[in-house]
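Work through the exercises below with the sequence and the three-dimensional view side by side. Try each task yourself before reading its solution.

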Amino acid sequence: ALGVCLYEMFTGKLPFDGPNFLAQKRSMRYEQLSKAGLPAGLDAVMAKALQSEPQNRFHSAAELLAALDTR
């Protein structure tokens, strides 16, 4: 959920706009942040934050913050 909130904060829209949200999330179909004019380094952070499988996402807010700090 945090990845979706961050994406919406950065772009003003949801990463997965439906109608089949789960299929879009599983196939990672969303507009890269770099295409919205944001730094390209954020694309990798968002790709990890928006993973459909929890074990593939950031495991803590500190881990996410560290990834953002390096971008």
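**Exercise 1. Decide whether lysine 48 is buried, partly exposed or exposed, and find which residues lysine 48 touches.**

Step 1. Recall the cut-offs: buried means under 20% relative accessible area, exposed means over 50%, and partly exposed lies in between, with a 1.4 Å probe and protein chains only. At 30% relative accessibility, lysine 48 therefore counts as partly exposed.

Step 2. List its partners, where contact means heavy atoms within 4.5 Å. Leaving aside residues up to four places away in sequence, lysine 48 touches Asn56, Arg57, Phe58 and Glu63. From C-alpha to C-alpha, lysine 48 and phenylalanine 58 are 6.8 Å apart in space, and they are 10 residues apart in sequence.

Before going on, note that this is a predicted model, in which local features need pLDDT of at least 70 and side-chain atom pairs count only at pLDDT 80 or more, while totals for chains, interfaces and linings use all residues. Residues are numbered from 1 along each chain as its sequence is written, and side-chain values use heavy atoms, with hydrogens and water left out.

**Exercise 2. Find which residues of H3 are buried, and which helices they pack against.**

Step 1. Helix H3 covers residues 41-49, and its buried residues are Leu42, Asp43, Val45, Met46 and Ala49.

Step 2. Seen down the axis of H3, these buried residues fall within an arc of 165°, so they line one face of the helix; the arc is that of the directions from the helix axis to the C-beta atoms.

Step 3. The buried residues of H3 pack against helix H1 (2-11) and helix H4 (61-69).

Step 4. Now look from the side of H1, where Gly3, Leu6 and Tyr7 are buried. Down the axis of H1 its buried residues fall within an arc of 100°, so they too line one face of their helix, and they pack against H3 and H4.

**Exercise 3. Describe the backbone at proline 19, methionine 28 and glycine 12.**

Step 1. Glycine 12, which follows H1, has a positive phi near 85°.

Step 2. Glycine 18 and proline 19 are joined by a cis peptide bond, with omega about 15°, and proline 19 sits in the loop between H1 and helix H2 (21-26).

Step 3. Methionine 28 is not a glycine, although its phi is positive, at about 55°. This methionine 28 lies in the loop between H2 and H3, and at 22% relative accessibility it counts as partly exposed.

**Exercise 4. State how many helices and strands the chain has, and how its radius of gyration compares with the globule rule.**

Step 1. The chain has 4 helices and 0 strands, which gives the pattern α-α-α-α when read along the sequence.

Step 2. The radius of gyration is 12 Å, close to the 11 Å that the globule rule gives for 71 residues, so the chain is as compact as a globular protein of that length. The radius is taken over C-alpha atoms, and the rule is 2.2 Å times the number of residues to the power 0.38.

Step 3. Along its principal axes, the C-alpha trace spans about 35 × 30 × 15 Å, and buried residues make up 27% of the 71 residues.

Conventions
Helices (H or I, at least four residues) and strands (E, at least two) are DSSP runs, numbered from the N terminus.
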